[in-house]
Amino acid sequence: MTHMSKLAGIPSTCIEYMHPWTDHCVNATAGLLLQSCKESLRIYSAVYLLSLVMRGKIPTRKDIKRTIQGMLQSTAFLTTNAFTFSMFVCLLRRWLGKLYFLTVAFVPSWLASFFAILVERPSRRGLLCLYVANVATETYWRMLESRGLVHPVKHGRVMIFGLSATLLLFYYRSGLHKTQNDGLFDIIRFVVGKSEEAQPPEEAAAEPPRPRPSFPLGDSLRGIRERVINFLRTLPRHFSCPHRGSCASYTLHGGSKLFCVGLGLQLTLSLVFQMGKIIRNPGTIKRILRSRDVVKIALFLGGFSALFRATSCSLRHLIGRDSPFHAVPAGLLASTMFSQYPDTSVCLYIMWKMLQITYKLGIERKILPRVPGATIFLYCTFTATLFHAAMVEPLNLRPSYWKFLHSLSGGRSAVIDRVPIDQWGLDTSRALKEVLRRTRTDQNLKFLL
């Protein structure tokens with residue numbers, strides 16, 4: 001088959017491509033509006049209610065009102081993004097007379113995203129941009145890889161995570177984070193310890209008394225633990241170390257605490273996501289507990305905290321003073337533990353947060369210019385990339401995002417006819433069949449049932 005140039009237009013109608021299930025563009029757009037509204041409301045109801053519960057306090061009438069308003073506004077945002085995509089595909093086809101490579105998905109999605117993001121609250125636009133940037137970055141890499149322009153890099157995710165996390169840790173140790181009011185630094189404080197946060201010299205050197213309650217030991221294991229702890233406390237601590245107790249107890253305490261947190265988190269997630277299998281076969285619990293996967297997050301978090309603290313203390317002992325620059329070797333060494341849990345989403349999230357925070361710091365110091373509307377432009381571009389991948393080269397899209405689009409559209413994303421755009425030489429219709437097989441998403445027209 002002769003492949004057409006990407007600049008050449010295809011004389012297919014929007015009925016043949018965008019909505020083969022109906023002859024009317026208005027009906028197709030209206031159907032997508034109703035389906036996406038229902039699905040968006042389901043998604044954001046769960047998100048906002050969970051957020052309300054996670055506050056850990058009885059919500060006031062004002063909290064409930066704010067939650068309902070946010071839920072409805074976010075639902076309107078996602079619904080607008082979905083149904084206006086179909087509308088702009090049809091409008092562009094009518095205005096231009098043909099389907100073009102950029103008008104089958106990218107341009108319509110960019111326009112739809114622009115109008116949609118204006119509906120959402122400004123406070124949430126940055127979060128949405130960060131999310132689509134994460135998924136789009138992976139999509140760009142897959143596109144380049146499928147064309148043979150790049151190749152997998154061994155430990156590439158660990159390197160990206162390490163460089164990004166190290167710079168964030170340097171900001172934390174230098175006190176630069178205090179102007180950012182970013183929740184990510186709360187997580188960093190929890191993982192590496194509040195003692196490593198930039199403090200006034202007199203506060204850092206202070207070592208307030210640490211009263212310990214007296215209580216009878218219940219068994220020999222507890223007694224052994226107490227003796228080990230007491231022994232660790234007798235070990236040396238450098239005068240420049242900002243933490244209490246010895247360096248050994250400080251390191252082991254942080255590592256063991258984060259290991260337990262990671263283990264509890266992984267167990268909870270495993271039990272929740274496999275609840276259906278557990279109900280059908282209770283023996284699944286035993287397999288979950290025996291699986292090595294259950295300790296991956298624990299090894300990463302515990303190892304990261306312990307290595308960062310141990311390296312920081314060692315440098316203070318060797319150099320004779322504390323310095324924010326200790327975060328660089330300590331962060332790089334601690335980041336090697338990400339090899340135990342090399343999750344792509346986590347890696348890219350940390351990278352984009354680092355870029356976002358660095359850009360804000362650059363603006364504060366008047367090193368970088370403030371670009372008006374940058375968040376909106378980036379959101380539209382990244383979302384358009386994801387829609388383009390879903391329509392034209394779905395194998396390069398993250399499976400979880402494909403499932404999201406499939407559910408949001410009520411199956412329409414699977415029945416949009418890719419055969420006309422096969423002429424651009426990307427084997428789109430074959431790729432669609434493969435994606436449907438891998439993700440177990442069928443082509444049933446749910447909206448016609």
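A disulfide here is a pair of cysteine sulfur atoms within 2.5 Å. Cysteine 129 is buried at 9% relative accessibility (buried: under 20% relative accessible area; exposed: over 50%; partly exposed: in between; 1.4 Å probe, protein chains only).

The model is predicted, with local features needing pLDDT of at least 70 and side-chain atom pairs pLDDT 80 or more, while totals for chains, interfaces and linings use all residues. Residues are numbered from 1 along each chain as its sequence is written, and side-chain values use heavy atoms, without hydrogens and water.

I then checked cysteine 247, whose sulfur is 3.7 Å from that of cysteine 313, the closest, and too far for a bond. Cysteine 247 is also buried, at 9% relative accessibility. I recorded zero disulfides by this rule.

Next I turned to helix packing. Helices are DSSP runs (H or I, at least four residues), numbered from the N terminus. Helix 6 (residues 156-174) packs on helix 7 (residues 184-192) at about 85°, with axes 11 Å apart. Axes are lines fitted to C-alpha atoms over the stretch in contact, and angles run from 0 to 180 degrees between N-to-C directions. The pair is therefore roughly perpendicular (65 to 115 degrees; under 35 is roughly parallel, over 145 roughly antiparallel, the rest oblique).

Conventions: Helix = DSSP H or I, 4+ residues; strand = E, 2+ residues; numbered from the N terminus.
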